Structures are given as C-alpha cells and as structure tokens.
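Here is a short report for a reader meeting this structure for the first time. Look it over, then read on.

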Amino acid sequence: MNVIVCIKQVPDTEAPIRIRAGGGIDETGLNLVMNYYDEHATEAALRLREQFGGTVTVVAVGPERTREALRQALAMGADEATLLRDPALDAADHLQVARALAAFIRSRTPDAVICGKLSTDDNAAVVGAALAELLDLPQATAIAKLELDAGAGHATVHRELEGALEILEVPLPALFTVERSLNEPRYPSLPGIMKAKRKEIAVLDLAALGLSANELGPAGATLTGLATPPGRTAGIQVNGADPDAAVEAIVTFLGDRAKVL
Amino acid sequence: MNTDLSEDHRLIQATVRDFAAKEIVPVAARLDQEARYPSEIIARAATLGLMGLMVPEEYGGAGMDSIANVLVQEELARASAGVQVIVSVNNSLVCDPIVRYGTAEQKRRYLPPLADGRSLGCYCLTEPSAGSDAMALETRAQRRGDDWVLDGRKFFVTNGVEADICIVYARSEDAPGARGLSAFLVEKSFPGISVGKVEHKLGIRCSSTSEILLDDCRVPAENLLGGRGEGGKIALATLDGGRIGIAAQAVGLARAALEDATAYVKERHIFGRPLSNFQATQWALADAATRIDAARLLTYRAAWLRDRGARCTREAATAKLIASETAMWATHRAVQLFGGYGYIQDYPLERYFRDAKITEIYEGTSEVLRLVLSRDLLGSRGNAHQ
C-alpha cells in the first residue's frame, strides 16, 4: 500500500495575521505549522502502512520554509518527502498547485492519495478535488472514516452530512480528503525527529517535474488584494417594555439602516 | 553562539508544547491535589522519547543534546513542575551519569529500560545529616567477596517510591569528603534496599520524595559506576546537568505565571478598566518577561557549554540561581495580580507559587550555588569558614 500525502504549511490558526503594505501576508514572527487537516491525512497514511505495509510519501508545494512541515511529517513516521519549489509557484493559485502536485504524483503509482479536507489559511477546499480530476482518480472528500480492503482493491468511507451519514465504496487507487474527526494524529517522537533529521528532503522545480510555467496555465483566480475584515460595531438594543414602540423601532432599523426591507 | 533554535529543536519544542497542553495541563491540578504519581503520563512521555532524551540511539534513547533537553523540560514544567521533575531526574541524574561513566555492559543493561519507560531512576545522594554538605555523607560501602555491601539511609530522594534503578553514593574508601565516595547502580529488587518514609510536600506533589533505606544491601561488584573513589566527582558533575534541568523547570514555571497573568489582566476589570491598563500591572509583567528572558538565555548557555563537553559548573549554577529566583519572583507577583483568585485552587497560580519554592532548594540551594560561584571568584580557600 503506497500512499502519497499532500501537505501544506500554514500560519498557526491563533497567529495574528498582518497584511504587508504591498499585499501578501507579513510572515515576520508568524508561527507556521503543518495544516492541521494534513496531520490527520498523514496519520491516516501511516495507519494504512501499519496495516498493509508499503510506503508513505509526503509532498508539499511551497517556499524553502515548507521543509519544516515536511520534516514534521517525516518525524511522525513518513518514509520520504518531496518539496515542489519554484519561483513560478510562489503566487500559485489552487489549480496551479494541483497541477504541480499532479505532475509529481503521475511519476509514482500510489494506491491512494490523501489530502486534508482544506487548509486553515484560505479554507478553499479546492486542491484535493482538483487533483483527483487532474489525475483522473475517483475521490471521496471530507471523510470521517476510512476502511480499506487491499485484497478487494476498494475502500469504504464515511462522510458526515448534516443529519445523515453517507457511506461510499471507492475503487482504488483513489484520492481522499479527510476530516479532523477521522483520527487522532500521533506526536512526532523524539527518536522520530532524530531519524527524520537524517532523511533527505528531495526538492523538485518545475523543470524537474517536466512542467513549464506557462503549462501551469493562467491562474484560475488572481489575487488582487487582501484586507482585514472591518471591526464589529456595537449592536443596537431595543427596549421591549412597550411592544408597539419596539416593533416600530425594529422595522425602522431594518428599513432605513439595514436596508433589508 | 547562536541563539536561534535549529529546525529540529523548534520541532521538539512544538511537539512537547502540544503534548503538554493536551495531556498534562488538563490533569495537572488534580495530580497536585491528589499527590498522585502520573504513571499514564510518564508512559506517554516515554513513547515520545522524553525519558531518555540524551541517551544515544544505540541504547534506545532519542540521542539528543542538552539544548533539546532544556527545551523539553521548560515545556513540561510550564504544564506541571511535578511531572517535569520526574522526567528531569530520570534524564539528568540517572541516564546521564550512566551514559558518561557506565561500562558497556551497564549501559546495555540499564539504559534501554530507563529510556523506554519500563524502568524509572532515582539519585540517592542526600542524607539526613548531609544535604548541602553532601560530600560528608555516611552511607558505607564495604567490599565482601564479589559484592559490595551498602548500609545507610538516603533522604529526600525524588522518584524514590517508583524508581526501579537507584544510583547510590556511599563511602567506600578510607578517605574523608568527596575522595572517599563511590557510586553504585542498585536495583530496587536487590536484597536490603527499601523505601522508607514518604514525604508530604508543599509543591511538586505528584512526584514522590522518600527515604531509601540500605540495610546490608548486596550489590554485585560490576554495578560500581565509574571507579572506586570517583563517586564524589560523578555526583558533582552530574549535578551540573541536573541544575540545568532545574533551571529549565524554573523558567517553565515562571513562564506559566507570566502567560496566565498576561491573559488574566486583559480580562479582569477593576475601577472600570482592565487590570492591564494600570502601570503597576504593566511593569510587573515587563519585569517578569525580562527576568525570564535572562534566565532562559543563561540556561541555554549552560546547556550549550555542556554539549560542547566544556566544564559548566559555574554556568549551570548561575542559570539555576537566577532561574529559581525568577520563578519565585514571577509566581509571587502573578499570585498578587490575581488577588484572591491567585490564592484558591480554582486557578493554577497558587500551585505555580508552591512549586516554585523547591527550585531554590533542591539540586543545590541558592546558598550552595552562591558558595560555588564565590569559590570560583575567590578561589577555593577564599571562604571565611574554611
């Protein structure tokens, strides 16, 4: 069972995000971590390896600093790690990232590709689905349970829907994106960290992936600006002692101020 | 010297911070109140490799350096100083001297179980009449055939109740002071060693502190650690490492007080404004942060020197002295900022305050550390009492 896990390095969800003058996020002093969902994806892959043998390969698109997230996955127990790094990928949108990942994954023959459901920085939940399309793999997204029958060559997955549970059978190879409820990720052990330290992280640029910048295609979306959301203003309190006056005040507010009537 | 942490060190720090926040913080208050040994947490810590941090990988350890050790100890102590001291003693006072002075056979026999959590270690130096004056200890070791026979009473032994492997310092030679001492690896299962009185303590209550009684305790000759008469040297060199671990504990405790107080003063309103708006509060926090920074950097320096194989007696003493006094100062100020809430068990501040006091006492009281430092300044004969 050979599994490829796609991971991303993101700002810690508790980190204060500052926007640079020229656009983009100011990374000074920003605590960058492996996307939490990707920790669950890595855990899922490690458990498949424990059950069926094989290898776990982690891959990430990002700048040099992304090595730290890959190193964490290695310390958790992944066998190998590859960083896809190229100046042309610095401003890549989700589709371009998926194309770079697809080029790498095509060079392998994994039984499964596992991604986090989304990354906590931009919450787009696009890369996994786009990647499955590009690789022409069946996909099951946001899975909360994964059971694999290696002999039969299929997986049974649970998806938690509003008030219902969807159970799918997916033929392998397939791509899965995972919920945080899927499992409890292990901590990297200290001996694991020492072993990870000795492992090489392969670095591939676009040329090594057999891609050129224009092959990534024009970005599906172009980032034109970033802004912090406006601060919340104080709410309005209506005194309910006189119900008629209160109704009048609310209707006036909805019409004149909120302009929804 | 570079004060930036390496990628590996940052990963270790982040991992243990996460582990401590999720698995220790939620139970720390209960462990303290019940004075209960946290066997399940120690087992989890062992699977992460925290019990044999600096033990070489060939003996089942994590093979890390002293810098990694102080990062781990600070994170553990930030959550629970009681849990931390159990781990720190196993690493610095038990595994470390076996790594440094043990024979290949001693390392092969004792290090793997100490590192993977099957065994726990303790360090038996102090006696009822030999605390700060440890080299005056009276426990006897007499050679009888192929064995040593140990007789005496050890006191204030951290991990004494749960430990399986005890490093016992005893007088084996007909010489006074440090030169007459040897170190022995004594298994709890050997005949003649037992746990005596168990102490009830002000702080670090989930770690045990007990007497270890040696009554005609037979120890095979191959369990001598280091050479005959080298026990004093081993005890003191080991304490350099131990003090670095306690300095890191003190930094963790001081940080706990500062972090909790910083969060609290922003939420607590008094006289119509947040407590954080008062300059008295701001200065207390700024002073605590400054002292913690200084203590942490001095702790890193001592660890860094130890990793380079350099003598670090002075630096370890300096780090422990400033860090322990910082822990006491910062927890004291933080309790005051919390007011009544700082004094009750619903908040962890009173625990931090109780835990902090021991850092000024064990592994060299502040007075002994000042003695170490002044001897370095004045020469060993420069002290009035000698």
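What share of the contacts in chain A with a separation of 6 or more comes from residues 24 or more positions apart? Such residues account for 68% of those contacts. Two residues are in contact if their C-beta atoms, placed from the backbone, lie within 7 Å.

This is a predicted model, in which local features need pLDDT of at least 70 and side-chain atom pairs count only at pLDDT 80 or more, while totals for chains, interfaces and linings use all residues. Residues are numbered from 1 along each chain as its sequence is written, and chains are lettered from A and ligands numbered from 1 in the order in which they are written.

**Chain A.** Chain A has six helices and eleven strands. Helices (H or I, at least four residues) and strands (E, at least two) are DSSP runs, numbered from the N terminus. The C-alpha trace of chain A spans about 70 × 45 × 40 Å along its principal axes. Of its 261 residues, 38% count as buried. Buried means that 20 or more other C-beta atoms, placed from the backbone, lie within 10 Å of the residue's own.

**Domains of chain B.** Chain B is divided into three domains. Their bounds come from an automatic or database domain assignment.

| Domain of chain B | Residues |
|---|---|
| Domain 1 | 7-119 |
| Domain 2 | 122-228 |
| Domain 3 | 233-378 |

The C-alpha centres of domain 1 and domain 2 of chain B lie 22 Å apart. Their contact takes 24 residues from domain 1 and 18 residues from domain 2. On the domain 1 side, H1 (7-34), H4 (81-101) and H5 (104-116) of chain B each supply at least two residues. H4(B) gives the largest share, eleven residues. That side divides into 16 nonpolar, five polar and three charged residues. Here Ala, Val, Leu, Ile, Met, Phe, Trp, Tyr, Cys and Pro count as nonpolar, Asp, Glu, Lys and Arg as charged, and the others, Gly among them, as polar.

**Between the chains.** In chain B, 16 residues are in contact with twelve residues of chain A. H1(B) supplies the largest share of the chain B side, seven residues. By class, that side has eight nonpolar, four polar and four charged residues.

**A helix pair.** The axes of H6 (residues 231-267) and H10 (residues 349-358) of chain B come within 10 Å and cross at roughly 155°. Axes are lines fitted to C-alpha atoms, for helices over the stretch in contact, and angles run from 0 to 180 degrees between N-to-C directions. H6(B) and H10(B) are therefore roughly antiparallel, a term for angles over 145 degrees. The contact residues of this pair include B:Leu253 of H6(B) and B:Tyr352 of H10(B). By class, the contact has six nonpolar, no polar and two charged residues.

How values were computed:
Angles under 35 degrees count as roughly parallel, over 145 as roughly antiparallel, 65 to 115 as roughly perpendicular and the rest as oblique. A residue is buried if 20 or more other C-beta atoms lie within 10 Å of its own, exposed if 12 or fewer, and partly exposed in between; C-beta atoms are placed from the backbone.
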